[in-house]
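Keep the 3D view open as you read.

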Amino acid sequence: MPMANPFQSFSSAVGRDSNVREHKQTFDELYGEPENFLEVDVINPITYGSQPSNMYTDYEIVCRTNIPAFKKKSSRVRRRYSDFDSFRKALQHETTRVVIPKLPDKSILTYSQRFNDDFIEERRQGLERFLNMVAGHPLLQTGSKSLISFIQDDVWDKDRFV
Amino acid sequence: MFKSPLDIELRLDGEDTRETVEVKSTKGRKEKLSLYKDGETVKGQVTIRMRDNKKVEHTGIKIQLLGTIEITNDGVQADEFLSLAHELASPGELRHPETFPFEFRNVEKSYESYRGINVRLKYYLKVTVSRKSADVIREKELWVYQYQDPRGEEGDSKTANTNTNTITKTTTTTPPPPPPPPSMVKMDVGIENCLHIEFEYSKNRYSLKDVIVGRIYFLLVRLKIKHMELSLIRRETCGSPPNQKSESQTIVRFEIMDGAPVKGETIPIRLFLGGFDLTPTYKDVNKKFSTRTFLSLVLIDEDARRYFKQSEIILYREE
């Protein structure tokens, strides 16, 4: 049995199939926009309220994508930390196969600092990392109903998904 | 500590000209062992010298050629599949150095020598000088290779002989038809709506000195791929169900693509097997263990998620 000559091209190697298709890339495929374009950013934290009892901070989630699993090609919504928390719980219920990453710190030790600029910035970064990991996951993109809603719906209704 | 009163030297005939194999020992060092084939005679000489020139009494000297399979499974289990012995001397006294020639004729060596993760198959000579106190023993390991016909399964020589016996003298013998050329292995794999690739390679059966020629064609890429690797994995399975244990070892890992591919891209594969420490595919050796080799394609995305496809390749040793 002849051994494949190491310097032969693949198409003339041993055992050529009669129905081998020629795979040529089109111009669009070479230079066009890739099909996996997904940008998710968590930016622009704003703190509302005047009294400590009614103060809270929310963040803007900006999404730009061409992945068909997402409803819109671009979206801009606002969410607060507790929304992220309920979203994470919903995700855990939706999948047994995927390990959902943790959110940035929620402990009571940080409670008193939660309107401090450094704390908000650290939290923003952590939320962005969390959302990127979750949005980029192929099984969640196609399998989770809560993911696309959380990122793109104007209003997040946690009761729909728990 | 009592040192043995004897020095035993084991020499094989033609050791200097015989082919050797370099094998990694358990301590990580490399040993050179003499190579023997199935059916080959194993012969040589045993020279016994006394230390301190004192005469030594013994109850017999013998030499054995043993083949064993050792399985490490919370302790070592050794199973002998080959055991030949020759008596070198009957009970007596050794007063001066003596040399004993030995010959094990046309020894059938059905399996290849193998050093794996939990399994070891070895052939070795063992000289035993029996004494009323402790026996004095000397061992010497040999290495055995088994060669296979590239066309078929192992050991087809017997069936070929029976065919010629049944052909009468009046008809002309026609050679067996050439085997069909091996066909390409082609796989369509992926994740629904996220990734779809065509994984193709030349055939599923390779000699240890062969080349794997193939390609990966991307039909759909909705993931952010960072790079792609191709590995060869050896999986050793020992025992029989329900107590079967498998352990894998990555023999080589290559990065074959760096960066994000797009739809329509083709990545070529060319893997020269001769450069690696590969083991032929062993199926159920002495009903004790198997060794299989897998080609593993792994894609890694930007979040370090790994997507993989493993498929078995049959390896054989060609002469």
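Predicted model: local features only at pLDDT ≥ 70, side-chain atom pairs only at ≥ 80, totals over all residues.

## A helix tucked away

How many of the 8 residues of α5(A) are buried? The count is 7, so α5(A) is largely enclosed by the rest of the structure.

## How α3 meets α5

Now look at one of those neighbours, α3(A). Its axis and the axis of α5(A), which spans residues 145-152, come within 11 Å and cross at roughly 135°. Angles over 145 degrees would count as roughly antiparallel, so with this angle α3(A) is oblique to α5(A). The crossing is left-handed.

Which residues make the contact? On the α3(A) side you'll find A:Leu131, A:Val134 and A:Ala135, and on the α5(A) side A:Leu147, A:Phe150 and A:Ile151.

## How α2 meets α3

Next, follow α3(A) to another partner. Helix α2 of chain A covers residues 81-94, and α3 of chain A covers residues 117-135. They pack at an angle of about 25°, with their axes 12 Å apart. Angles under 35 degrees count as roughly parallel, and that is why α2(A) is called roughly parallel to α3(A). Here too the crossing is left-handed.

From α2(A), the contact residues are A:Tyr81, A:Phe84, A:Phe87, A:Arg88 and A:Leu91. From α3(A), they are A:Arg123, A:Leu127, A:Phe130, A:Leu131 and A:Val134.

## Chain A as a whole

Time to zoom out. Chain A has 5 helices and 3 strands, and along the sequence they follow the pattern α-β-β-β-α-α-α-α. Of its 162 residues, 42% count as buried.

If you take the contacts in chain A with a separation of 6 or more, 57% of them are between residues 24 or more positions apart. The chain exposes about 9900 Å², and carbon and sulfur atoms supply 50% of that.

## Over to chain B

Chain B has 1 helix and 22 strands. There are 319 residues here, and 44% of them count as buried. For contacts between residues at least 6 apart in sequence, 68% join residues at least 24 apart. The accessible surface comes to about 17900 Å², with 46% belonging to carbon and sulfur atoms.

## A four-strand sheet

Finally, find the open sheet of 4 strands in chain B, ordered β13-β14-β16-β19 with antiparallel pairing. Which strands sit at the edges? They are β13 (185-191) and β19 (266-272), each pairing on one side only. From one strand to the next, the twist averages 20°.

Zoom in on β13(B) and its partner β14, residues 195-201 of chain B: the two run antiparallel and are joined by 7 bridges. One opposite pair to look for is B:Ile191 and B:Leu195, the latter in β14(B).

Key:
Residues numbered from 1 in each chain as written. Chains lettered and ligands numbered in written order. Heavy atoms only, no water. Pairing = 2+ DSSP bridges. Axes fitted to C-alpha atoms, helices over the stretch in contact; angles between N-to-C directions. Buried < 20%, exposed > 50% of the residue type's maximum accessible area, 1.4 Å probe, protein only. Contact = heavy atoms within 4.5 Å. Areas by Shrake-Rupley, 256 points an atom, 1.4 Å probe, with all protein chains shown as cover. Parallel < 35°, antiparallel > 145°, perpendicular 65-115°, else oblique. Left-handed = near helix turned anticlockwise from the far one by under 90°.
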